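Hi,

Here is the structure I promised to pass on. Have a look at it, and then read my notes below.

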Amino acid sequence: MSTPQGTSLPPTARASADAVAAAAERLSTAAATSTPCTPVRNLIGTDDVAAAYAVQERNVADRIAAGASVVGRKIGLTSPAVQQQLGVDQPDFGVLLDDMHCQEAGPIPLSRLLQPKVEAEIAFVLAHDLVDGPLDDAQIRGAVDYAVAALEIVDSRIAGWDITFGDTVADNGSSGLFVLGADRRTLDSVDPVAAQMQMFIDDTEVSTGTGAACLGDPLRALAWLARTAREFGQPLRAGQVILSGALGPMAVIDTAGTVRADITGLGSVTATFTQE
């Protein structure tokens, strides 16, 4: 994802290049100053998909120029209820960078985040590129090296999570950080759609769900992303981490504590949040 700042927008974009630049600046300033901003839909609209991804690409390119590297993608809006809430009929994606990956053993300072929420997901790590071919079910399954339990810490640079589809796409899919579990399982040994999930904050259960809650099947979400990423000219590559989407409702993290998700067949994954 490295669109140079001077390139033209996709022909399908309705917003102007100046509007895209202004939206990118608003979001990057919010991140840099740890101060949530007003929505960017007044600049690029609520559903101008091409313009929203152009904003995302611009800010990701800036982070890469500053030293970050792409390690994968995240899929969002895989829940029909959330899609309905935002008035869309498709998921979205964001880019995972190396500085977003947190280790289970290390504390996560809440000061790194603005208004975080956490959700449990199945992550896939790819053994093969998804560039050529039909990208059918057999190719998608065959490209997966292993699956792991994951926590995605979503965040929004937009005040109060006051977002439309255009806002969240522009804001890199409302991405924040992510944590991967230690147990790596091949698809021969685990069926993602059958997974059952429980998530706890300290000892209180805050979310439950199933693999089927993620676009009907987490592998279906991966297939959607593979096709969409190829259409965008940024196909999925071997070694990349793919966060496939929430298995249940997200939970707000507003104080120090430990989040643990248990996913059948994949074990557990833990994140510990601290207040300075």
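This is a predicted model: local features need pLDDT of at least 70, side-chain atom pairs count only at pLDDT 80 or more; totals for chains, interfaces and linings use all residues.

One term to begin with: a residue is called buried when its relative accessible area is under 20%, exposed when it is over 50%, and partly exposed in between, using a 1.4 Å probe and protein chains only. By that rule Q83 counts as buried, because its relative accessibility is 10%.

Residues are numbered from 1 along each chain as its sequence is written, and side-chain values use heavy atoms, with hydrogens and water left out.

Back to Q83, which is found in helix α4 (residues 80-86). Helices (H or I, at least four residues) and strands (E, at least two) are DSSP runs, numbered from the N terminus. What does Q83 touch, not counting residues up to four places away in sequence? Taking contact as heavy atoms within 4.5 Å, its partners are L77, T78, V88, D89, Q90, P91 and L215.

Now the whole protein. It has seven helices and 13 strands. Its radius of gyration is 18 Å, close to the 19 Å from the globule rule for 276 residues, so the protein is as compact as a globular protein of that length. (That radius is taken over C-alpha atoms, and the rule is 2.2 Å times the number of residues to the power 0.38.) Of the 276 residues, 51% are buried.

Which residues of α1 are buried? They are A19, V20, A23, A24, L27 and A30. These cover an arc of only 135 degrees around the axis, which puts them on the same side of α1; the arc is that of the directions from the helix axis to the C-beta atoms. The face turned away from that buried side carries the exposed residues D18 and A32. Among the elements covering the buried residues of α1 are α2 (41-44), α3 (49-65) and α6 (165-170). Just after the helix, S34 takes a positive phi of about 55 degrees.

On to the strands, where two of them pair if DSSP finds at least two bridges between them. Five form an open sheet of mixed pairing, in the order β4-β13-β12-β8-β9. β4 (108-109) and β9 (204-210) are at the edges with a single partner strand each, so one side of each has no neighbour in the sheet. β8 (residues 196-201) runs antiparallel to β9, joined by six bridges, and M197 stands opposite G209 in β9.

Elsewhere, β7 (residues 177-180) has L177 and V179 pointing one way, F178 and L180 the other, and all are buried. V179 in β7 is the bridge partner of C102 and also of L151.

Finally, the largest nonpolar core has 91 residues, with I44, I108, L151, M199, L222, L236 and F273 making the most contacts inside it. Such a core is a set of buried Ala, Val, Leu, Ile, Met, Phe, Trp, Tyr and Cys residues joined through side-chain atoms within 4.5 Å. Strand β6 (residues 144-154) gives the largest share of this core, nine residues.

Cheers
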